[in-house]
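Subject: Structure for you to look at

Hello,

Here is the structure I said I would pass on. Please look through it first; my notes on it follow below.

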Amino acid sequence: MLLGLRTVIHPAQDLGAAKAWWSSVLGVEPYFDEPFYVGFNVGGYELGLDPNADPGVGPVSYWGVRDVDVAVGRFVAAGAVLREEVQEVGGGIRVGTVVEPSGAVVGLIENPHFVLPEGRSGGGEGGGPGR
């Protein structure tokens with residue numbers, strides 16, 4: 001069901017400072033830069049900065065799935081608790097989060113635009129490019 005890691009989103013209460021720090025560490029400017037979210041492409045994967053994310057939760061990893069509604073349902077049926085309902089975040093990208101039984105937040109993302117970097121294989125179903 002999981003196709004592989006897609007995105008890690010870090011809380012960034014001071015978005016400007018976080019963007020400047022990550023830009024200097026990564027040596028690149030963000031490809032997406034808005035007051036509600038900043039995104040960097042790191043080796044074909046997303047490093048996101050969210051000023052509205054809860055710093056107490058820490059970074060949240062988002063795992064690629066083909067159908068986020070089905071995946072969230074499967075996680076909940078297996079004992080996870082729904083944290084954030086599935087929602088579209090733009091461009092046909094849909095996300096949801098659950099809390100697994102040991103308390104960790106798990107992000108699930110359906111991204112029709114994601115293509116694995118050349119030379120890398122995916123995990124999960126089929127091992128090919130995921131969405």
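**Salt bridges**

Lys 19 has a relative accessibility of 24% and counts as partly exposed (buried is under 20% relative accessible area, exposed is over 50%, and partly exposed lies in between, with a 1.4 Å probe and protein chains only). The model is a predicted one, in which local features need pLDDT of at least 70 and side-chain atom pairs count only at pLDDT 80 or more, while totals for chains, interfaces and linings use all residues. Residues are numbered from 1 along each chain as its sequence is written, and side-chain values use heavy atoms, with hydrogens and water left out.

There are four salt bridges in the structure (a side-chain nitrogen of Lys or Arg within 4 Å of a carboxyl oxygen of Asp or Glu). In one of them, the side chain of Lys 19 meets that of Asp 33, at 2.8 Å from N to O. Lys 19 lies in helix α1 and Asp 33 in strand β2 (residues 32-34), so this bridge ties together parts that are 14 residues apart in sequence. Helices (H or I, at least four residues) and strands (E, at least two) are DSSP runs, numbered from the N terminus. Asp 33 is partly exposed, at 39%.

Another salt bridge joins Arg 94 and Glu 110, at 3.4 Å from N to O. This pair links distant parts of the chain, with Arg 94 in strand β7 (residues 93-99) and Glu 110 in strand β8 (residues 105-110), 16 residues apart. Arg 94 is partly exposed at 22%, whereas Glu 110 is buried at 17%. Asp 69 belongs with Arg 94 and Glu 110 in a network of salt bridges.

**Aromatic rings**

The structure has four aromatic pairs (rings of Phe, Tyr and Trp, the last by its six-membered ring, with centres within 6.5 Å; planes under 30 degrees apart are stacked, over 60 edge-to-face, and the rest tilted). Phe 32 and Phe 36 have ring centres 6.0 Å apart and planes at 65°, so they are edge-to-face. For Phe 32 and Tyr 37 the figures are 6.2 Å and 55°, so that pair is tilted. Ring pairs link Phe 32, Phe 36 and Tyr 37 into a cluster. Phe 36 is partly exposed at 48%, but Tyr 37 is buried at 15%.

**Two single residues**

Ser 23 sits in helix α1 (residues 15-26) and is buried, at 8%. Beyond its neighbours within four places in sequence, Ser 23 is in contact (heavy atoms within 4.5 Å) with Val 28, Glu 29, Pro 30 and Phe 40. Val 81, in strand β6 (residues 81-90), is exposed at 52%.

Regards
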